[in-house]
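Subject: Structure handover

Hi,

Here is the structure I promised to send. Please load it first, then read the notes below.

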Amino acid sequence: MIDPQFPSLASILGLLAQEPATGFTAENVAARPEIVERGLRFLNLAYTVVWVVLSVYLLILSIRLRRLALQVRRLKERAGL
């Protein structure tokens, strides 16, 4: 049994196959280096943000660890150990 929707779907797919490819193809990007430059700026910014967040996180962990070590030392002194 042939689905009555199939011929219309085939014709739509045929039209889509004839459409020129748009978007970020190699030809489009090579013809417009400002797209590449903009993408690299965003990539650089993203890496910078990740490293800054990671550095701040490690700094906060270091400060908290130092405070915890100080508390443990004080508790040991109080306990006479």
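The expected span of a helix is 1.5 Å times one less than its number of residues. Helices (H or I, at least four residues) and strands (E, at least two) are DSSP runs, numbered from the N terminus. Helix α3 covers residues 33-79, which is 47 residues, so its span should be 69 Å. The end C-alpha atoms of α3 are 69 Å apart, in agreement. G80 follows α3 and has a positive phi, near 80°.

Two notes on provenance. This is a predicted model, where local features need pLDDT of at least 70, side-chain atom pairs count only at pLDDT 80 or more, and totals for chains, interfaces and linings use all residues. Residues are numbered from 1 along each chain as its sequence is written, and side-chain values use heavy atoms, with hydrogens and water left out.

**Confidence.** pLDDT is the predictor's confidence in each residue, from 0 to 100. The chain mean is 83, and 72% of residues reach 70 or more. Helix α1 (residues 6-18) is lowest, at a mean of 65. Helix α3 is highest, at 95.

**Fold and surface.** The chain has three helices and zero strands. The order from the N terminus is α-α-α. Of its 81 residues, 0% count as buried (under 20% relative accessible area; exposed is over 50%, partly exposed in between; 1.4 Å probe, protein chains only). The chain exposes about 8000 Å² (Shrake-Rupley method, 1.4 Å probe; for residues, only the protein chains shown count as cover). Carbon and sulfur atoms supply 67% of that area.

**Salt bridge.** There is one (side-chain nitrogen of Lys or Arg within 4 Å of a carboxyl oxygen of Asp or Glu). R32 pairs with E34, with the closest N and O atoms 3.0 Å apart. R32 is partly exposed at 44%. E34 is partly exposed too, at 43%.

**Nonpolar patch.** V36, L40, L43, Y47, W51, L54, Y57, L58 and L61 make a nonpolar surface patch of about 910 Å². Patch residues have over 30% relative accessible area and no salt bridge, and nonpolar side chains (Val, Leu, Ile, Met, Phe, Trp, Tyr) are joined within 5 Å. L61 lies in α3. At 36% relative accessibility, L61 counts as partly exposed.

Best wishes

How values were computed. Patch = residues over 30% accessible without salt bridge, like charges linked within 9 Å, V, L, I, M, F, W, Y side chains within 5 Å.
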